[in-house]
Amino acid sequence: MEKIEHTTISTNGINLHVASIGSGPAILFLHGFPDLWYSWRRQLLSLADLGYRAIAPDLRGYGDSDSPPSHESYTVLHVVGDLVGLLDSLGVDRVFLVGHDWGAIVAWWMCMIRPDRVKALVNTSVVFNPRNPSVKPVDAFKALFEIEEDFAQVDTKKLINRFFTSRNPRPPCIPKSLGFRGLPDPPALPAWLTEEDVSFYAEKFSQKGFTGGLNYYRAMNLSWELTAPWAGLQIKVPVKFIVGDLDITYNIPGTKEYIHEGGLKKHVPFLQEVVVMEGVGHFLQQEKPDEVTDHIYSFFSKF
């Protein structure tokens with residue numbers, strides 16, 4: 001871990017904290033919620049050893065990167081703009097891209113908006129869903145506007161532990177009267193997650209809170225409005241998609257059929273591989289780091 005370099009790069013009007021290591025073709029890793037560059041720590045080290053320049057920023061609103069106060073500053077256009085500026089600052093023309101969770105959503109849109117900057121994509125957990133011109137997406141997430149107060153009532157380490165160790169592919173059942181305080185204590189840490197890891201996340205989120213990450217959800221309607229010019233376009237870069245069979249995103253009704261019966265391929269015509277990892281939950285890059293690294297390397301080494 002001490003080999004990883006940490007820098008601050010100015011881009012798109014903000015400062016991004018960036019972790020990087022290695023030299024060679026560049027791979028850009030995008031984390032999700034509630035996460036940090038740290039979720040890619042093992043992939044950074046392994047892929048640097050395999051001859052790549054591995055780059056993982058804290059996205060805006062997270063960790064040691066700037067957090068603009070307004071949720072309107074968290075649209076996919078803002079975040080893709082951050083990444084284009086980041087690549088320009090690093091002198092990288094085209095990049096291999098890897099995304100997870102919200103980072104996967106951003107990765108899909110980066111491939112849509114700036115395919116000229118992406119060689120190939122390995123995306124995980126969240127499939128590409130085409131823009132629905134008649135339905136605003138945030139309506140299903142109204143509860144997120146009150147969830148920060150709920151989070152504030154729970155020990156941050158306990159909350160991080162709960163997020164990362166969940167093995168239930170169904171949506172969590174949260175007692176309305178108690179909120180997250182009503183959840184049972186999380187189980188003992190699995191072998192792939194240490195107390196040191198949990199403490200790292202807890203320290204960063206205790207300093208900054210969860211507002212930045214939640215603002216991505218709050219900006220969904222604005223993103224929907226601003227991305228209207230790209231409605232109907234396909235993702236036209238080479239893609240490999242990976243998901244765990246215990247991931248809640250994979251078990252959303254209709255998602256398996258969409259992935260395996262041609263729906264995803266229709267919108268992502270250069271989809272070359274789909275991998276379903278057995279017995280693996282949402283945070284697959286941490287739970288099975290070596291397998292995920294192998295999947296990334298085997299795909300990108302073709303190009």
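Author: A residue counts as buried when its relative accessible area is under 20%, as exposed when that area is over 50%, and as partly exposed in between, using a 1.4 Å probe on protein chains only. Helices (H or I, at least four residues) and strands (E, at least two) are DSSP runs, numbered from the N terminus. The model is predicted, so that local features need pLDDT of at least 70 and side-chain atom pairs count only at pLDDT 80 or more, while totals for chains, interfaces and linings use all residues. Residues are numbered from 1 along each chain as its sequence is written, and side-chain values use heavy atoms, with hydrogens and water left out.

Reader: What percentage of the residues of the protein chain count as buried?

Author: The protein chain holds 12 helices and eight strands. Taking its 303 residues together, the share that counts as buried is 52%.

Reader: How many of the residues of helix α7 are buried?

Author: Helix α7 covers residues 211-218, and it is mostly covered. Its buried residues are G212, G213, L214, N215, Y216, Y217 and R218. Of the eight residues in α7, the number buried is therefore, by the under-20% rule, as computed for this helix, seven.

Reader: In what order do the strands of the open sheet lie?

Author: Strands of a sheet pair through backbone hydrogen bonds, either parallel or antiparallel. Two strands are taken as paired if DSSP finds at least two bridges between them. The edge strands, β1 (5-11) and β8 (271-277), each pair on one side only. The sheet is open and has eight strands with mixed pairing, in the order β1-β2-β4-β3-β5-β6-β7-β8.

Reader: Which residue is the bridge partner of E5 in β2?

Author: Strands β1 and β2 run antiparallel and are joined by seven bridges. Within this pair, E5 has as its bridge partner in β2 the residue S20.

Reader: What is the phi angle of N12?

Author: N12 sits in the loop between β1 and β2, and the hairpin of these strands has two residues between them. N12 is partly exposed, because its relative accessible area is 43%. Although N12 is not a glycine, its phi is positive, at about 55°.

Reader: Which residue in β6 is the bridge partner of L97?

Author: Strand β5 also runs parallel to strand β6 (residues 118-124), with six bridges joining them. Across that pairing, the partner of L97 is L121.

Reader: How many residues of β5 are buried?

Author: In a regular strand the side chains alternate between the two faces of the sheet. In β5 both faces are covered, with V95, L97 and G99 buried on one side and F96, V98 and H100 buried on the other. Of the six residues of β5, the number buried is six.

Reader: How do α1 and α12 lie to one another, roughly parallel or oblique?

Author: Helix α1 (residues 41-49) and helix α12 (residues 289-300) pack with their axes 10 Å apart and at an angle of about 50°. Angles under 35 degrees count as roughly parallel, over 145 as roughly antiparallel, 65 to 115 as roughly perpendicular and the rest as oblique. Relative to α12, helix α1 is therefore oblique.

Reader: Which residues in α12 meet those of α1?

Author: On the side of α1, the residues that meet α12 are R42, Q43, S46 and L47. Their counterparts in α12 are P289, V292, T293, I296 and Y297.

Notes
Axes fitted to C-alpha atoms, helices over the stretch in contact; angles between N-to-C directions. Contact = heavy atoms within 4.5 Å.
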